[in-house]
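Hi there,

Here is the structure I promised to pass along. Please open it beside this email, and my notes follow just below.

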Amino acid sequence: MNESKADANRPTSPASDGSLTRRRFWQLGTAAALSAGATVLLPGQATGATAARSKTSQYYFGRAAALAGDNPILTDLVAGLTAGFSIPFPPAPAPLKIFDDVAVLSIGWVSATAILTSDGIILIDALTSPATAQQTLVPGLQALGLDPATIKYVVVCHGHGDHFGGAQYLADTYGARVMMAPADWDMLAANQPANAPTRDLDITDGQKLTLGNTTVTLHHTPGHTPGSVSPIFPAHWQGRAHRAMLWGGTNPPTATADKETYLASAQTFASRMKRARVDVELSNHGFCDHGLARMEELRAAPDSADNPFVIGTSGAQLFMKVMQNMLRGRILLDQASAGTATSAAATTAAGCGC
């Protein structure tokens, strides 16, 4: 998400019923949501009385809200994908291992994720600047008993400064290799933003990055930027193996065509998630998926068998289904706005005799 200063005040999402474990909450909520979602009609599929309703932005926004229900992970996602959403700036959490082999280092509104392998660290994103790398990433890893000198790769999910800002510092200081999709390397070369890393390694679509005992699969998911990338990788909790995904860029782009690209990426990535049996959802912006709150929930109960980031394979698919409905709504909202503007311009032209 490309940052812009905004009002940090935002209502706290409702929590699930404390009498249910989070996993059971997801099982019950997902079953109900998918049951409700079974009637979703896509453009061109509706007939009769529902035809007009199925082709409005509000129809899709309503479907997203119905699928989300009162699940705070999904209601945060709906909020983050809503037009006009203002980025909050919550306090930075202390670093935390959210899995045995995955850690989060965060300044609050944006985070980096460290994948811990038998031969060093693969870092997903690098925060906003050399200063945040030096003052947050490095001491955060050290506080968790990890050596920042073992960072072998920095995978930049997309070419915005809040994700690549500390990458060159890590390359210069520890010899880490910096990876980005070619389209975003090209974007940086054209725009020459501050703290842009020197072009290093290109990420190909579906590339498998192996370090030690861990393989991360890097998928091109363009839309947020032309070269956005979303990884899928293993994560372990109390001896149990899971598959995690991290969606590489949340905020929908301005142009309608780019939103359409984003939607196509979300559909393709959801299919890849399903094949990989992804059951863990992560984000580089923890306010978009209740991630910061889940970190604190886990910090308060570090020995719990019920990891709040494990949402199940059906929960992970539901997350992507909510995203897709919001994007369909945003695309139709754009088209409706463009039609209104065209109509107004035509009326003005006719009235002035031009």
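Asp-202 and Arg-199 meet through their side chains in a salt bridge (3.3 Å, N to O); the term stands for a side-chain nitrogen of Lys or Arg within 4 Å of a carboxyl oxygen of Asp or Glu. Before you read on, please note that this is a predicted model, in which local features need pLDDT of at least 70, side-chain atom pairs count only at pLDDT 80 or more, and totals for chains, interfaces and linings use all residues. Residues are numbered from 1 along each chain as its sequence is written, and side-chain values use heavy atoms, with hydrogens and water left out.

Which residue does Asp-186 form a salt bridge with? The partner is Arg-199, with the closest N and O atoms 2.7 Å apart. That pair links distant parts of the chain, since Asp-186 sits in helix α8 and Arg-199 in the loop between α8 and β7, 13 residues apart. Helices (H or I, at least four residues) and strands (E, at least two) are DSSP runs, numbered from the N terminus. Through shared partners, salt bridges join Asp-186, Arg-199 and Asp-202 into one network.

As for accessibility, Asp-186 is partly exposed at 44%, Arg-199 at 41% and Asp-202 at 35%. Here buried means under 20% relative accessible area, exposed over 50%, and partly exposed in between (1.4 Å probe, protein chains only).

The structure holds 9 salt bridges. Another one of them is between Arg-177 and Asp-200, whose closest N and O atoms are 2.7 Å apart. This pair also links distant parts of the chain: Arg-177 belongs to strand β6, Asp-200 to the loop between α8 and β7, and 23 residues separate them. Arg-177 is partly exposed at 38%, and Asp-200 is partly exposed at 27%.

Strand β3 (residues 111-117) pairs with β4 in the antiparallel sense over 5 bridges; two strands count as paired if DSSP finds at least two bridges between them. A hairpin of 2 residues joins β3 to β4, and Ala-114 stands opposite Leu-123 in β4. Is strand β4 (residues 120-124) largely enclosed or open? It is largely enclosed by the rest of the structure, because 5 of its 5 residues are buried.

β4 and strand β5 (residues 151-155) are parallel, with 4 bridges, and Ile-122 has Tyr-153 in β5 as its bridge partner. The chain gets from β4 to β5 through helix α5 (residues 130-143) in a right-handed β-α-β crossover, where right-handed means that, with the strands pointing away from the viewer, the path from the first strand over the helix to the second runs clockwise.

β5 then runs parallel to strand β6 (residues 177-180), joined by 3 bridges, with Val-154 opposite Val-178 in β6. β6 in turn pairs in the parallel sense with strand β7 (residues 201-202) over 2 bridges, and Met-180 has Asp-202 in β7 as its bridge partner. Helix α8 (residues 182-191) carries the chain from β6 to β7 in a right-handed β-α-β crossover.

Strands β10 (residues 229-237) and β11 (residues 240-247) run antiparallel and share 6 bridges, with Ile-232 partnered by Met-245 in β11.

Best wishes
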